[in-house]
Amino acid sequence: MYNIIGQALFISMLASFILSGMALLVSRWSLTRSVYLAGFFADVLDFFYLPLRQIFLKFSDTRVLDKWMASLKNRAHKSAFAKTKKRIVLAPHCMRSLDCPAHSTQTGIQCKSCGKCVFTQLKKDAEKYGYKVFILTGSSYVKNILKMEASDGVLLIACDYEINKVMRALKGKKVTTYGIPMENDGCFGTVVDYQKVLEVFEDFKSFPSL
Ligand code: SF4
């Protein structure tokens, strides 16, 4: 009896190891090319996220894991995101100027388009492509915004860790997420490659929401 239980445990551990290893490999490939079964492997990585994170913490950098996972999920979500009709952009407040005159509300920072940072242009371009922009001081704002703003497509501008975290939090909800990773993290003086933002707006420009 114990022998059978031992064998079953060994087989399931071996299967988990092989499956998560394959999923990691596919997520790494997703950075540079299209991959098959992106959604399935993204689910595998979500399932094993905590143990994998510990392994990356010990032997590599957890940011690498988040980067691979965010990339894989972008591949998995791309066609569904293209079909969304009411889209919003969620971006972090650490991208704004240190002299920002705007104040915070339940739905984030109320940008005054003062011209001191990227958000003046981002709001303008986002509106042109049919997105509404929200500037968040924390990922806990996401639920507030989605309660107040009916939307089916959420474009996340954030570090890989936050993109992956919000994608995991919104999994199974009636929204499709897509992410644009910033150039740096650290919640201070963060920067996004604006060309990448414009390219994403262009890629998904059909089905405008407004
Ligand atoms: S453009 Fe908006 S977010 Fe940027 S500093 Fe001015 S008010 Fe703040």
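A residue counts as buried when its relative accessible area is under 20%, as exposed when that area is over 50%, and as partly exposed in between. Keep in mind that this is a predicted model.

With that cut-off, take S97. Is S97 buried or exposed? Its relative accessible area is 17%, so S97 is buried. S97 sits in a loop, the one between β1 (87-92) and β2 (104-105). What does its side chain reach? It reaches the backbone nitrogen of D99, at 3.0 Å. Setting aside the neighbours within four places in sequence, S97 is also in contact with K116 and C117.

Next, the surface. There is a nonpolar patch made up of F10, I11, L14, F17, I18 and M22. Together these residues have about 660 Å² of accessible area. I18 is one of the patch residues, and it lies in helix α1, which covers residues 2-29. The relative accessibility of I18 is 45%, so I18 counts as partly exposed.

Now the aromatics. A pair of aromatic rings is described by the distance of the centres and the angle of the planes. How many aromatic pairs does the structure hold? There are eight. I will show two of them.

One is F40 with F41. The ring centres are 5.2 Å apart and the planes stand at 65°, so this pair is edge-to-face. The cut-off behind that label is an angle over 60 degrees. On accessibility, F40 has a relative accessible area of 41% and is therefore partly exposed. F41, at 6%, counts as buried.

The other is Y131 with F201. Here the centres lie 4.8 Å apart with the planes at 40°, so the pair is tilted. Where do the two residues lie? Y131 belongs to strand β4 (residues 131-136) and F201 to helix α8 (residues 194-203), so the pair ties together parts that are 70 residues apart in sequence. Y131 has a relative accessibility of 0% and so counts as buried. F201 is buried too, with a relative accessible area of 0%.

Last item: which residues form an aromatic cluster? F81, Y178 and F204 form one.

To recap, S97 is buried in its class by the 17% value, and the Y131 and F201 pair joins strand β4 to helix α8. That is what I have.

Notes: Residues are numbered from 1 along each chain as its sequence is written. This is a predicted model: local features need pLDDT of at least 70, side-chain atom pairs count only at pLDDT 80 or more; totals for chains, interfaces and linings use all residues. Side-chain values use heavy atoms; hydrogens and water are left out. Patches are made of residues with over 30% relative accessible area and no salt bridge: like charges are joined within 9 Å, nonpolar side chains (Val, Leu, Ile, Met, Phe, Trp, Tyr) within 5 Å. Accessible areas come from the Shrake-Rupley method with a 1.4 Å probe; for residues, only the protein chains shown count as cover. A salt bridge is a side-chain nitrogen of Lys or Arg within 4 Å of a carboxyl oxygen of Asp or Glu. Helices (H or I, at least four residues) and strands (E, at least two) are DSSP runs, numbered from the N terminus. Buried means under 20% relative accessible area, exposed over 50%, partly exposed in between (1.4 Å probe, protein chains only). A polar contact is a pair of N or O atoms within 3.5 Å; within protein, one must be able to donate a hydrogen and the other to accept it, and residues adjacent in sequence count only if both atoms are side-chain atoms. Contact means heavy atoms within 4.5 Å. Rings of Phe, Tyr and Trp (its six-membered ring) pair if their centres lie within 6.5 Å; planes under 30 degrees apart count as stacked, over 60 as edge-to-face and the rest as tilted.
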